[in-house]
Amino acid sequence: MADVVEGGARRRGRNETEEERADRMWQELIQEVRVAQMGVQILFGFLLTVVFTEKYDDLTDTDQTIYLVTVVLGACATGALIGPVSLHRLVSGRRIKAQAVRLASRLTLLGLVLLLATTTASLLLILRVATHDGFVPYLVAGVVCWYLLCWFVLPLWARYRHTSK
C-alpha cells in the first residue's frame, strides 16, 4: 500500500504515522526481547555456578577454556539483550523513538547471535563432559544448523518471499 498524506502526517501501510509505527515496533521488540532475555539469563545464571562445583576441577584444560569462553559469550549476550531496556530508559522522552527502535533492533539481533554462540559453546562443553565420543562435534554442528534455520534462514526466507519489492 502506498504512503498517504493525511493532515500533514505521512501514513503508512497500516494507516499509522511514523510515531505510531515507532510505538508499535517498540512494543513488539520489547516482547521479543523478553523471551530472549529470559533464556539468556537462565543459561548465564547456570553457567556462573559451574565453576563452584567439584566437577569443574576435573575438567581438562580444553574444557575449562570452552567454559570460560562460554561464560564471556553469555555475559556479552546478556548485555546486548538487556541493552534495549537501558536504551529506552535513557532516551525516553527525547523524541527519537524511531532511531531508538532501529538501534535496539540491532542490539537484539547481536544478542541473538551471541546467544547462539553461547548455546553452542554450552552444548559443546556439556556433550564433551557427558561423553567422549567422536560424534559430539557433528551433533553440535547439527544443532547449530537447526538454530540457524529456525532463527535466521526461515525468517529471512519469509522476509524475501512475502515482502513486496
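The following dialogue examines how terms are applied to one predicted protein model.

Mentor: In this predicted model, local features need pLDDT of at least 70, side-chain atom pairs count only at pLDDT 80 or more, and totals for chains, interfaces and linings use all residues. Residues are numbered from 1 along each chain as its sequence is written, and side-chain values use heavy atoms, with hydrogens and water left out.

Trainee: What makes up the secondary structure of the protein chain?

Mentor: The protein chain has five helices and two strands, where helices (H or I, at least four residues) and strands (E, at least two) are DSSP runs numbered from the N terminus. Their order from the N terminus is β-β-α-α-α-α-α.

Trainee: Why is the protein chain called more spread out than a compact globule?

Mentor: The globule rule is 2.2 Å times the number of residues to the power 0.38, and the radius of gyration is taken over C-alpha atoms. For 165 residues the rule gives 15 Å, and the radius of gyration is 21 Å, well over that value, so the protein chain is more spread out than a compact globule. The C-alpha trace spans about 70 × 35 × 15 Å along its principal axes.

Trainee: Why is R95 called exposed?

Mentor: Buried means under 20% relative accessible area, exposed over 50%, and partly exposed in between (1.4 Å probe, protein chains only). R95 has 82% relative accessibility, so R95 counts as exposed. R95 lies in the loop between α3 (61–91) and α4 (97–130).

Trainee: What is stated about phi of R95?

Mentor: Phi of R95 is near 60°, a positive value in a residue other than glycine. Most residues other than glycine have a negative phi.

Trainee: Why is V69 called partly exposed?

Mentor: The relative accessible area of V69 is 44%, which places V69 in the partly exposed class. V69 is found in helix α3, and its C-alpha atom is separated by 10 Å from that of L125, 56 residues apart along the chain.

Trainee: Which class does C76 fall into, buried, partly exposed or exposed?

Mentor: C76 has 40% relative accessibility and therefore counts as partly exposed.

Trainee: How do you know that C150 is in no disulfide?

Mentor: A disulfide is a pair of cysteine sulfur atoms within 2.5 Å. The nearest cysteine sulfur to C150, that of C145, is 11 Å away, and C150 is in no disulfide. A search of the whole structure finds zero disulfides. C150 is also partly exposed, because its relative accessible area is 31%.
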